[in-house]
Amino acid sequence: MVSTAPKRAEKIADTEATVRLTVAQATIRFLGNQYVEHDGTRTKFFAGAFGIFGHGNVAGLGQALLQDELTAIETSSEPHLRYVLGRNEQAMVHSAVAYARQKDRLQTWAVTASVGPGATNMLTGAALATINRLPVLLLPADTFATRVSSPVLQELELPSSGDVTVNDAFKPLSRYFDRVWRPEQLPAALLGAMRVLTDPVETGAATVAIPQDVQAEAHDWPESLFAERTWHVGRPLPERSVIARAAEVIRAAKKPLIVAGGGVIYSDATDALAAFCEQTGIPVGQSQAGKGALPYDHPQSVGAIGSTGTTAANALATEADVVIGIGTRYSDFTSASRTAFNNPDVKFVNVNVASIDSVKQGGVSVVSDAREAVEALGAALGDFSVSDEYRSRTADLAKEWDDTVSAVYAVDDGTALNQNQVIGLVNTLSDARDVVVCAAGSMPGDLHKLWRTRDRKGYHVEYGYSCMGYEIAGGIGAKMAEPDRDVFVMVGDGSYLMMATELVTAVQENVKVIVVLVQNHGFASIGGLSESLGSQRFGTSYRYRSQDGRLDGEKLPVDLAANAASLGVDVIRVATAAEFTDAVKVAKATDRTTVIHVETDPLIFAPDSESWWDVPVSETSTLESTQAAYQRYADWKKIQRPFLKPSARPSDSEGHPTP
């Protein structure tokens, strides 16, 4: 028999039109034709590409983006990917991630950097994206696939492994990683990245490393590679039997409590959660990512929960007999390092699209989209409601905390401002739909406790990685995602000094953000933590060295307002509440980025959460401050729940314990 396979292959090849492009040009064209569909709405997935060019990508992806831009101008069309020049590779990833968060993970950016330090500068951004489960596509250049002139500039040489480059460091930080050694590998790599980026469970950083010689290599690509593709982002439904078990547990509860996480926001389940709470009377505490799941003044809202929570939420958490986690991954701050839920008989019902989170804390695991599960639970519970006494206790606790917030927000215009008052002024002067952005230092905790969130997308605090330097870059991404909202970036001097350069990107792109720069001459958050752990604020202040060699001299004469002005933004220095109020009004009225510089006292703290965070203290020390701190630590450890509660031994039919 004569084989017809070669003829069939020839026939298929003849019917498939091809286009000759470099690997980089093909990458840009492919990415520009990727869409997602969610709840019937179709959206272009990539808003554009951030990039800084070096020898590893200037002639590859750089040339491809230039050609794409010029072709769009010539043809009066939109480029496949809009290009934005950043100032720092890590910051570009932060902007892309913030954009994706503001878009509920339905849109993001690609980010390209050169080989070597340009690529590895993105590692922190990759970790942040993956930990927070936010999609971003990273396109780091790599060293020569041909190795024709190895070792090249910035190449890592390992005697034991010739195929390892610095980009292998992305592997543990990425939800997807591939390296395109040959042009033929590109389609599989890009499709694999898209699968992960558009999956609510798997999403995070997707890294496709492309060697610099491969980027510039031409190949005949099938036209079908560049056809528009639509990736469906679904809503996984809960199993009916699991919902029935969960409803049975909740129905038996006397003091149930909901912990709302970021999954409530991303699944657009806020209205469903509000209806569920009104139906059942169950109060809601919110994680950092879940803040905004209910408006602050909703009858069932008791605000932030955990180490940086409100006294209302934490009091209810201590008593709760059933905890219903919805879209939360139960980080140590949310669970107060496993000391928040102290009822010895507490049970858990955990709703999460990711099975890894649904089994945390034990209990009934409901693997499902948050909105679908909340609606199903509401139907299954029927007329179930908590007691009137429990509703009243919830309301009383919430009012007590709200009164506390009002007290610390109060200002005396004759005195210098503290951080609590600065937060209160921004909160009061901003519009309901404005967005507050923060990430590191003492302000994330203070904002979690004190910020009165009025809109589900109004609170944007990155606290999965709590990355210093995220703030300004993140604010730019949030503003680009929703230009009709004002974005207030809250940043301390320590975090500002990490990555202030993205103010130049804001000026370049005419992206207006309002930066509230709090000058407290050092690391206020770690200073306070250091003091509480008996380490006496060592190494946390910006000071000259004193004559004995210690960093405890006079304050450094750093002028951050002048620094910001040198980057091309408007700067307003304020000292009083009246000046701050006028500055916010000016900043909101202009279309330019404005930095409001205010000095505060880092020794005035936010109200106590009556909670704990597990940071180990030296067991032995010659310092009395450390000895006292260790005793406090040991007392808290006594009430910390074990990872798995020991269960009772099963009994035989006569009631005797089995071996």
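Modeller: A helix here is a DSSP run of H or I with at least four residues, and helices are numbered from the N terminus. The model is a predicted one. Now to the pocket. α15 spans residues 388-409. Two other elements, β14 (301-304) and α17 (443-450), also supply at least two lining residues each.

How much space lies in the second largest pocket? About 320 Å³. The lining counts 24 residues, and those closest to the centre are Tyr296, Asp297, Ser301, Gly303 and Asp402. Sort the lining by class and you get eleven nonpolar, seven polar and six charged residues.

The largest cavity holds about 60 Å³ of space. Its lining is made of Arg101, Gln102, Ile265, Tyr266, Ala289, Arg456, Lys457 and Tyr459. By class, the lining of the largest cavity has four nonpolar, one polar and three charged residues.

Charges also pair up across the chain. The model has 32 salt bridges. One of them joins the side chains of Asp357 and Arg133, with 2.2 Å from N to O. Asp357 sits in helix α13 (residues 355-358), while Arg133 sits in the loop between α6 (123-132) and β7 (136-142), so this bridge ties together parts that are 224 residues apart in sequence. How covered are the two partners? Asp357 is buried, because its relative accessibility is 2% and the cut-off for buried is under 20%. Arg133 has a relative accessible area of 21%, so Arg133 counts as partly exposed.

A second bridge joins the side chains of Lys255 and Glu319, at 3.7 Å from N to O. This pair also links distant parts of the chain, 64 residues apart: Lys255 is in the loop between α9 (240-251) and β12 (256-260), and Glu319 is in helix α12 (residues 311-319). Both partners are partly exposed: Lys255 has a relative accessible area of 34%, and Glu319 is at 23%.

Now take Arg485 and Glu482. They form a salt bridge too, and their closest N and O atoms are 3.0 Å apart. Arg485 is buried, with a relative accessible area of 5%. Glu482 is at 16% relative accessibility, so Glu482 counts as buried as well.

Some charged residues join up in a group. Asp431, Asp434, Lys479, Asp486, Lys512 and Lys588 are linked in a network of salt bridges.

Last, the surface. Leu66, Leu70 and Ile73 make a nonpolar surface patch of about 290 Å². Leu70 belongs to helix α3, which runs over residues 61-74.

Note on methods: Residues are numbered from 1 along each chain as its sequence is written. This is a predicted model: local features need pLDDT of at least 70, side-chain atom pairs count only at pLDDT 80 or more; totals for chains, interfaces and linings use all residues. Side-chain values use heavy atoms; hydrogens and water are left out. Patches are made of residues with over 30% relative accessible area and no salt bridge: like charges are joined within 9 Å, nonpolar side chains (Val, Leu, Ile, Met, Phe, Trp, Tyr) within 5 Å. Accessible areas come from the Shrake-Rupley method with a 1.4 Å probe; for residues, only the protein chains shown count as cover. A salt bridge is a side-chain nitrogen of Lys or Arg within 4 Å of a carboxyl oxygen of Asp or Glu. On a 1 Å grid over the protein atoms alone, a cavity is a set of points where a 1.4 Å probe fits but cannot get out, and a pocket is an open set with protein on both sides within 12 Å along at least five of seven lines; lining residues have an atom within 4 Å of a point. Grid points are joined across faces, edges and corners, and a volume is the space filled by probe spheres set on the points. Ala, Val, Leu, Ile, Met, Phe, Trp, Tyr, Cys and Pro count as nonpolar, Asp, Glu, Lys and Arg as charged, and the others, Gly among them, as polar. Buried means under 20% relative accessible area, exposed over 50%, partly exposed in between (1.4 Å probe, protein chains only).
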